[in-house]
Amino acid sequence: MKIGSYQLNSQVILAPMAGITDQPFRQLCCRLGAGLAVSEMLSSNPKVWDTDKSKLRMLHGDSAGIRSVQIAGSCPDELAFAAKVNADNGAQIIDINMGCPAKKVNKKLAGSALLREPAQVERIIQSVVAAVDIPVTLKIRTGWCEDTRNGIEIAKIAQDNGIVSLAVHGRTRNDFYKGHAEYNTIKAIKASVSIPVVANGDITSPEKALQVLNHTGADAIMIGRGAQGRPWIFREINHFLATGTKLDAPSLSEVRSIVLNHVMELHQFYGDFTGVRFARKHVSWYVQNLIVTNEGFSESFTLDQGKSFRSIFNGLESTSEQLEALNVFFDGF
Ligand SMILES: Cc1cc2nc3c(=O)[nH]c(=O)nc-3n(C[C@H](O)[C@H](O)[C@H](O)COP(=O)(O)O)c2cc1C
């Protein structure tokens, strides 16, 4: 699949996830086969750019792969300015967020609330596309609620106004994360436009990836929660799509090296205090995933042991304690 002039080397994309798809995680997923990794959303309001959180989200220079930066907001001029600033800072693609269901965001008519205002969607897209000379992509849900599913209308507005690729999370805003993703709606959206469409929602295995690609006719798929604690899912899906056979789960020694390197990168990227806190959630996902997916491992490690390791790990306050605990943990197998 191509986004503007950028050829992706895989059909599998890491979804933007605030608080998760920071630079270390994007780099890791790209190394493990993601064709593109979209940044966490960045508010278009310049007043918040001076916070530590925004400053780190606006560092694009050293990112791996193609640098796609997501912006969120409601004011066309503000979004256009944010797009320009990020393009000047090294973004290669600008992605506009019209999918976020959070009340805090929707209250300001940003994220998925925009789906209720097609005229504003058009104004925003026109302003952002005119402001930058890099490709602009859009991420949406299927509509605001069941009765107002207007994904097709929004997709056509997007295409007519210069959006080069559209990612669709197959739920309405009112669904939040409940129920199942609507692949039929994604299929209908794909059939209504000629720009590439990326299918998103509930893809957690190679088999499901193939099924969703076949069912929707989408050009690519996007994975969010399925990559938490399992960044190797990208290469597993790439392999399955290319060969029809399943790749073996990573060995424990490879997992150990991925986890330890990821944790060290988090410490370095955020600094000790915040890095330790970010490492907790990733380690918790890694441990949970090991129990569920790695057969050799789950024979010698139970859910209860996982819980107790996680609760000890979450109480550790320093980078060195975290690394030592992980080494002891992996030495135990
Ligand atoms: C913790 C979390 C944070 C998210 N942050 C964003 C975001 O910043 N921008 C966005 O467009 N979507 C965001 N999403 C939605 C995901 O990109 C994706 O559409 C959704 O999780 C469905 O895909 P999945 O079933 O593969 O997780 C977030 C999802 C989660 C779980």
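Leaving aside its neighbours within four places in sequence, which residues is asparagine 200 in contact with? Asparagine 200 is in contact with Ala15, Lys139, Val168, His169, Gly170, Ala181, Ile186, Met222 and Ile223, where contact means heavy atoms within 4.5 Å. This is a predicted model, in which local features need pLDDT of at least 70 and side-chain atom pairs count only at pLDDT 80 or more, while totals for chains, interfaces and linings use all residues. Residues are numbered from 1 along each chain as its sequence is written, and side-chain values use heavy atoms, with hydrogens and water left out.

**Positions listed by UniProt**

- For "binding site", an unreviewed UniProt entry lists Pro16, Met17, Ala18, Gln70, Lys139, Asn200, Gly201, Asp202, Gly224 and Arg225; positions from UniProt are given in the numbering used here, with feature names shortened, and such annotations may be inferred rather than shown by experiment.
- Asparagine 200 counts as buried because its relative accessible area is 8%, where buried means under 20% relative accessible area, exposed over 50% and partly exposed in between, with a 1.4 Å probe and protein chains only.
- Not counting residues up to four places away in sequence, glycine 224 touches Ala15 and Met17.
- The annotation "active site", again from an unreviewed UniProt entry, covers Cys100, which is placed in the loop between strand S6 (93-98) and helix H4 (103-106).
- Cysteine 100 has 11% relative accessibility and therefore counts as buried, and, when residues up to four places away in sequence are not counted, cysteine 100 touches Met41, Val105, Asn106, Gly111 and Ser112.

**Cavities**

- The structure holds three cavities of 30 Å³ or more; on a 1 Å grid over the protein atoms alone, a cavity is a set of points where a 1.4 Å probe fits but cannot get out, and lining residues have an atom within 4 Å of a point.
- The largest cavity holds about 90 Å³ of space, where grid points are joined across faces, edges and corners, and a volume is the space filled by probe spheres set on the points.
- This largest cavity is lined by 13 residues, and the closest to its centre are Ile3, Leu36, Asp95, Thr137 and Met222.
- Strand S4 (36-43), strand S7 (136-143) and strand S8 (165-172) are the elements that give two or more residues to the lining of the largest cavity, and S8 gives the most, with three residues.
- The lining of the largest cavity divides into nine nonpolar, three polar and one charged residue; here Ala, Val, Leu, Ile, Met, Phe, Trp, Tyr, Cys and Pro count as nonpolar, Asp, Glu, Lys and Arg as charged, and the others, Gly among them, as polar.
- The second largest cavity, with about 50 Å³ of space, is lined by Asp22, Gln23, Arg26, Ser39, Glu40, Leu56, Arg57 and Phe269.
- To the lining of this second largest cavity, helix H1 (23-31), S4 and helix H2 (52-57) each give two or more residues, and the lining divides into two nonpolar, two polar and four charged residues.

**Other buried residues**

- Arginine 141 is placed in strand S7 and is buried, with a relative accessible area of 1%.
- The side chain of arginine 141 reaches the backbone oxygen of phenylalanine 176 at 2.7 Å.
- Asparagine 86 is found in helix H3, residues 76-88, and counts as buried because its relative accessibility is 0%.
- A polar atom of the side chain of asparagine 86 lies 2.8 Å from the backbone oxygen of alanine 82.
- Glycine 19 is found in the loop between strand S3 (12-14) and H1, counts as buried at 11% relative accessibility, and, leaving aside its neighbours within four places in sequence, is in contact with Glu40, Arg57, Phe278 and Lys281.
- Glycine 19 and alanine 227 are 208 residues apart in sequence and 14 Å apart in space, C-alpha to C-alpha.

Note on methods
On a 1 Å grid over the protein atoms alone, a cavity is a set of points where a 1.4 Å probe fits but cannot get out, and a pocket is an open set with protein on both sides within 12 Å along at least five of seven lines; lining residues have an atom within 4 Å of a point. Helices (H or I, at least four residues) and strands (E, at least two) are DSSP runs, numbered from the N terminus. A polar contact is a pair of N or O atoms within 3.5 Å; within protein, one must be able to donate a hydrogen and the other to accept it, and residues adjacent in sequence count only if both atoms are side-chain atoms.
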